[in-house]
Amino acid sequence: MATSRPAAGAAGRALAYLESAKNLTGSACAVGGLALTLAGFAGTYWPVVVAGLYGAGALLAPPARPPAPEFPGPSSQLDGLRDDFTTLREYLDRVDLPPAAAERLDSLTELLAGLLAPGWVSQALAQDPEGIHVLARAVHRDLPESVDAFVRTRWWTRMAPGQQDPEEQLGRQLVLLHREVGALVAGLREAEEIRQQTHTRYLEDRGT
């Protein structure tokens, strides 16, 4: 049994070479050498001619290329991010927040929901890897960490009041996150405006 595996591996490699582009190209060139021999051009050196043409063909053939790995595209990443955002919203719905913070949070989540909704907006976002990274960071880390830190700090503050107001800290964090996501929205809008302006110039130039 121990010797059968190397033999099987050698047989597999031999079969792979027989089916390779190098062997097929070399064989085609060797057949051409035989044709030259039959036509009387190779003379007594026909074995050298045939072998030389086979070797030249094998060298000229493109090398075997393993298939490149396929990774999830931006659309697949957005699909997973939508599912994670749904999970995040379910968590946020269970958290009791002060009215001002809840209002800021609702504004931020609505902005995120609009970006992640299936359609032409998310299609435009799929062309922006950095934008996807910003959204993923907000959904996976920044937003849940801000809310969870507030809940934990608020409990400790009730037990022993501290110098900083947890609600104020949460409000500042939500404002910063809203500003970051808003900048992403502005960037996507600017890209669409540039696209529109480019088409206008194209039509103007075509009419001249």
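This is a predicted model: local features need pLDDT of at least 70, side-chain atom pairs count only at pLDDT 80 or more; totals for chains, interfaces and linings use all residues.
1. Overall make-up. The chain has eight helices and zero strands. Read from the N terminus, its elements follow the order α-α-α-α-α-α-α-α.

2. Burial and surface. The chain has 208 residues, and 25% of them count as buried. Its accessible surface is about 14,500 Å². Carbon and sulfur atoms account for 61% of that surface.

3. Contacts along the chain. Take the contacts between residues at least 6 apart in sequence: 73% of these join residues at least 24 apart.

4. An example from helix H5. Ala113 is a residue of helix H5. With neighbours within four places in sequence left aside, Ala113 is in contact with Phe85 and Arg89. Phe85 and Ala113 are separated by 28 residues in sequence, yet their C-alpha atoms are 8.1 Å apart in space.

5. Asp106 is located in helix H5. Is Asp106 buried or partly exposed? The relative accessible area of Asp106 is 48%, so Asp106 is classed as partly exposed. The reasoning rests on two cut-offs: buried means under 20%, exposed means over 50%, and partly exposed is in between.

How values were computed
Residues are numbered from 1 along each chain as its sequence is written. Side-chain values use heavy atoms; hydrogens and water are left out. Helices (H or I, at least four residues) and strands (E, at least two) are DSSP runs, numbered from the N terminus. Buried means under 20% relative accessible area, exposed over 50%, partly exposed in between (1.4 Å probe, protein chains only). Contact means heavy atoms within 4.5 Å. Accessible areas come from the Shrake-Rupley method with a 1.4 Å probe; for residues, only the protein chains shown count as cover.
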